[in-house]
Amino acid sequence: MRPFDDSLMRLGLPADVEADRWVLGLALRNPAANFPAVTGTLEASDFSVQSHQLVFQRMAEMDAAGSHIDSAMLARELHKRGELETVGGLSYLIGLSDGMPDLPSCDAYVQSVKEKSLRRQAILAMEEAKARLCDPAGGLEQIQEAQTVLQPVSY
């Protein structure tokens with residue numbers, strides 16, 4: 001199994017790696033039923049682990065091209081691009097659903113991934129605004145720039 005990338009946790013940013021994994025696992029288990037719900041809510045950047053972002057991106061590209069999505073086809077696509085080992089190999093793709101409860105849909109996990117992503121975006125926007133406001137050389141412009149940084153964060 002691929003080593004856990006805890007960089008977001010070290011930074012104190014919200015993440016739910018298990019929800020990431022299970023969204024991908026459920027989408028691979030039954031792409032016709034689950035992948036449209038996933039792509040309707042999530043983008044690759046919503047996933048908290050870079051390898052999950054890459055897996056989702058390739059799945060979305062395969063879906064857009066009308067290709068069949070399963071672990072073997074996804075592995076083939078990742079291998080073709082030299083990315084299979086980056087995501088942990090075929091065994092990692094197959095293991096994405098290990099330990100996952102048998103659920104009819106992935107909605108709860110999709111919502112958890114999205115919530116954590118929105119929290120990370122809000123925290124990063126606030127940190128950027130804080131940096132602008134704390135700049136001793138800044139004036140009214142810095143305040144206005146900080147306000148614009150915070151406005152794009154929407155829920």
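The model is predicted, so local features need pLDDT of at least 70 and side-chain atom pairs count only at pLDDT 80 or more, while totals for chains, interfaces and linings use all residues. Residues are numbered from 1 along each chain as its sequence is written, and side-chain values use heavy atoms, without hydrogens and water.

Consider the aromatic rings next. Rings of Phe, Tyr and Trp (its six-membered ring) pair if their centres lie within 6.5 Å; planes under 30 degrees apart are stacked, over 60 edge-to-face, and the rest tilted. The structure has 3 aromatic pairs by this rule. In one of them, the ring centres of Phe35 and Phe56 are 5.8 Å apart and the planes stand at 40 degrees, so this pair is tilted. Phe47 and Phe56 have ring centres 5.0 Å apart and planes at 35 degrees, so they are tilted too. Phe35, Phe47 and Phe56 form one aromatic cluster.

Now to the helices, which are DSSP runs (H or I, at least four residues) numbered from the N terminus. Helix H4 (residues 50–64) packs against helix H5 (residues 71–80) at about 105 degrees, with axes 10 Å apart. Axes are lines fitted to C-alpha atoms over the stretch in contact, and angles run from 0 to 180 degrees between N-to-C directions. In contact (heavy atoms within 4.5 Å), the H4 residues Leu54, Val55, Arg58, Met59 and Met62 meet Met73, Leu74, Glu77 and Leu78 in H5.

How values were computed: Helix = DSSP H or I, 4+ residues; strand = E, 2+ residues; numbered from the N terminus.
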